[in-house]
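Here is a colleague's note for someone meeting this structure for the first time. Please read the points below with the model open beside them.

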Amino acid sequence: MRPAHDTTPLVLFGGTFDPVHRAHISAARSVSRVLGEAPVHLLPNSVPPHRPQPLANGEQRLAMLKLACKGHPQLIPDDWELKQSGPSYSLLTLQHYRKQIGERPLVFMIGADSFANLHHWHHWQDYAALCHLAVVPRPDSPLADDRVQAAFPEADADSLAGQAFGLRLMLQRPFLDVSATAIRQALKEKGDCPALDPAVVDHIHRHHLYNVAKSSSPESDTRPHER
């Protein structure tokens, strides 16, 4: 952690990452860049409370995150949620990091679909006293509830850096338009998916994740691993 007086925002990006894909990494890098190369902690859920449970275990999802983040020093795979018992409520994560960083800006990064449903989340009303939001667009996402929009007034990146919590940054790109379900289906049927980093595909094959047949050979084995 940086010292508490540092005004560079700390960004938290939680999810199942089952598996982590290029849209995750692109979105995290964009939020980092907009906020002055701010560090982004990517936190795999242990027990996600709002969606089906992941197919890959926490250790494997963290390993894939480390591979996908390699070469991007501003992206930091973080196992804090994996070490906790019970549901991975974002509120607990936000409370933990708020205590860690004092009055430094804390930014919670979510997709527009999650923002639209935030009023259904566990104690969402407490978020505005803990963090800012950075909302990444998703195609055809509905508008958020008026109460949520009012709790987090829209602002620009400079404003988020100027106070510790309570504002909302709406990104215009990139779109989080990749379906993890479609990725897992492509892996099962073809053994590869262009939405994944080749190193992640290799890991999936080595550990036979997502019903990838042991006999299948991903195209990534025969092409250079460029980043």
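**Notes on the model**

1. In α1, the buried residues are A23, H24, I25, A27, A28, S30, V31 and S32, where buried means under 20% relative accessible area, exposed over 50% and partly exposed in between, with a 1.4 Å probe and protein chains only. Helices (H or I, at least four residues) and strands (E, at least two) are DSSP runs, numbered from the N terminus. This is a predicted model, in which local features need pLDDT of at least 70 and side-chain atom pairs count only at pLDDT 80 or more, while totals for chains, interfaces and linings use all residues. Residues are numbered from 1 along each chain as its sequence is written, and side-chain values use heavy atoms, with hydrogens and water left out.

2. The buried residues of α1 pack against β1 (10-15), β2, α2, β3, β4 (106-111) and β5 (132-136). The 13 residues of α1 should span 18 Å at 1.5 Å a residue, and this agrees with its end C-alpha atoms, which are 18 Å apart; the expected span is 1.5 Å times one less than the number of residues. Just after α1, G36 has a positive phi of about 75°. E37, in the loop between α1 and β2, has a positive phi near 60° although it is a residue other than glycine, and at 45% relative accessibility E37 counts as partly exposed.

3. Helix α2 (residues 58-69) passes the same kind of check, because its 12 residues should span 16 Å and its end C-alpha atoms are 16 Å apart. Its buried residues are G58, Q60, R61, L62, M64, L65, A68 and C69, and they pack against α1 (22-34), β2 (40-44), β3 (75-77) and α8 (198-206). At the start of α2, a side-chain oxygen of N57 comes within 3.2 Å of the backbone nitrogen of E59, whereas after the helix comes G71, whose phi is positive, near 90°.

4. The largest nonpolar core has 41 residues, of which L35 and I204 touch the most other members; such a core is a set of buried Ala, Val, Leu, Ile, Met, Phe, Trp, Tyr and Cys residues joined through side-chain atoms within 4.5 Å. The element that gives the most to this core is α1, with five residues. Leaving aside neighbours within four places in sequence, I204 is in contact (heavy atoms within 4.5 Å) with P19, M64, L187, L196, L209, Y210 and V212. Another core, of 25 residues, lies apart from it and includes L43, I110, L118 and L130.

5. Two peptide bonds deserve a look in the viewer. The bond from D18 to P19 is cis, with omega near 5°, and P19 lies in the loop between β1 and α1. The bond from R173 to P174 is also cis, with omega near 0°, and P174 is found in the loop between β6 (168-170) and α7.

Definitions and conventions:
Polar contact = N/O pair within 3.5 Å; in protein donor to acceptor, adjacent residues only side chain to side chain.
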